[in-house]
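Let's walk through this model together, one question at a time. Have the viewer open and follow along.

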Amino acid sequence: DFDSKNIGTSITASKKLTEQLKAVGGFQYYFNNGSNDEQQASLGLVYKVNKQLQVWISAIYHNNNPDFGDHFSVSGGADYQLDQKSVVSVAIQHVNDVETKYRLGLTYSVTKQLSMGPEIAYTDVEKGNGSGVSGGFNIKYDWNVPTTEDKPCTQNDVKAAATGERCYQD
């Protein structure tokens with residue numbers, strides 16, 4: 001999360017619809033210093049423009065958000081692959097009559113399953129005070145659950161696994 005006062009966890013699932021389009025759903029849980037923890041549920045679409053660029057849009061329901069209570073928001077953004085291990089992300093999130101948040105982040109893949117990086121955001125509050133810049137650090141671990149896109153492992157997959165090709169055991 002971009003707000004350093006929040007620590008949380010999330011789970012995301014996706015379903016490939018076409019070669020370039022996938023549907024994504026998720027649930028996030030943020031610990032707010034032991035009182036009224038926040039939950040978020042999201043649904044969205046991700047479109048892969050090419051090997052380096054993907055764009056996305058999602059609708060999010062916020063429950064118990066410490067800044068604006070229960071609300072819906074819309075977010076969208078783009079991820080650009082700089083090299084094999086680095087991705088730059090830009091995003092905008094709008095909560096009607098509350099705020100708009102502009103985000104910029106850099107993610108570095110430490111291993112095939114672990115990535116991390118800094119993020120910065122500017123929040124424009126529509127009514128009252130609170131606009132400003134915040135920052136954070138994102139850590140993501142991909143459990144790498146097999147999908148129908150993966151293939152069963154064979155004898156030759158020991159070599160393939162070293163190159164990052166995915167397979168699963170029956």
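## A sheet in questions and answers

Ser42 touches Val24, Gly25, Gly26, Gln28, Ala59 and Ile60, leaving aside residues up to four places away in sequence; contact means heavy atoms within 4.5 Å. This is a predicted model, in which local features need pLDDT of at least 70 and side-chain atom pairs count only at pLDDT 80 or more, while totals for chains, interfaces and linings use all residues. Residues are numbered from 1 along each chain as its sequence is written, and side-chain values use heavy atoms, with hydrogens and water left out.

Q: Is Ser42 buried or exposed?
A: Ser42 is found in strand 3, residues 38–48. Strands (E, at least two residues) and helices (H or I, at least four) are DSSP runs numbered from the N terminus. Buried means under 20% relative accessible area, exposed over 50%, and partly exposed in between, with a 1.4 Å probe and protein chains only. With a relative accessible area of 17%, Ser42 is buried.

Q: In what order do the 9 strands form the open sheet?
A: Two strands pair if DSSP finds at least two bridges between them. Strands of a sheet pair through backbone hydrogen bonds, either parallel or antiparallel. Here the pairing is antiparallel, and the 9 strands form an open sheet in the order 1-2-3-4-5-6-7-8-9.

Q: Which are the edge strands?
A: An edge strand here pairs on one side only. The two that do so are strand 1 (7–16) and strand 9 (132–141).

Q: What does the twist average from one strand to the next?
A: Axes are lines fitted to C-alpha atoms, for helices over the stretch in contact, and angles run from 0 to 180 degrees between N-to-C directions. From one strand to the next, the twist averages 20°.

Q: Which residue in strand 8 is the bridge partner of Leu104?
A: Strand 6 (residues 86–95) and strand 7 (residues 99–109) run antiparallel and are joined by 10 bridges; Val90 stands opposite Leu104 in strand 7. Strand 7 also pairs with strand 8 (residues 114–125), in the antiparallel sense over 9 bridges, and a hairpin of 4 residues connects these two. In strand 8, the partner of Leu104 is Ile120.

Q: What is the phi of Asp97?
A: Asp97 is found in the loop between strand 6 and strand 7, a hairpin with 3 residues between the strands. At 47% relative accessibility, Asp97 counts as partly exposed. Most residues other than glycine have a negative phi, and most peptide bonds are trans. Asp97 has a positive phi, near 65°.

Q: How far apart in space are Ala78 and Ile92, C-alpha to C-alpha?
A: Ala78 has its place in strand 5 and is buried, with a relative accessible area of 17%. Its contacts beyond four places in sequence include Leu53, Trp56, Val88 and Val90. Ala78 and Ile92 are 14 residues apart in sequence, and their distance in space is 9.6 Å.

Q: What is the angle between the planes of Tyr61 and Phe72?
A: Rings of Phe, Tyr and Trp (its six-membered ring) pair if their centres lie within 6.5 Å; planes under 30 degrees apart count as stacked, over 60 as edge-to-face and the rest as tilted. The structure holds 1 aromatic pair. Tyr61 lies in strand 4 and Phe72 in strand 5, so the pair ties together parts that are 11 residues apart in sequence. The pair is tilted, with centres 4.9 Å apart and planes at 55°.

Q: How far apart are the closest N and O atoms of Lys16 and Glu19?
A: A salt bridge is a side-chain nitrogen of Lys or Arg within 4 Å of a carboxyl oxygen of Asp or Glu, and the structure holds 1. Lys16 is partly exposed, with a relative accessible area of 35%, whereas Glu19 counts as exposed at 67%. These residues form the salt bridge, with the closest N and O atoms apart by 3.5 Å.
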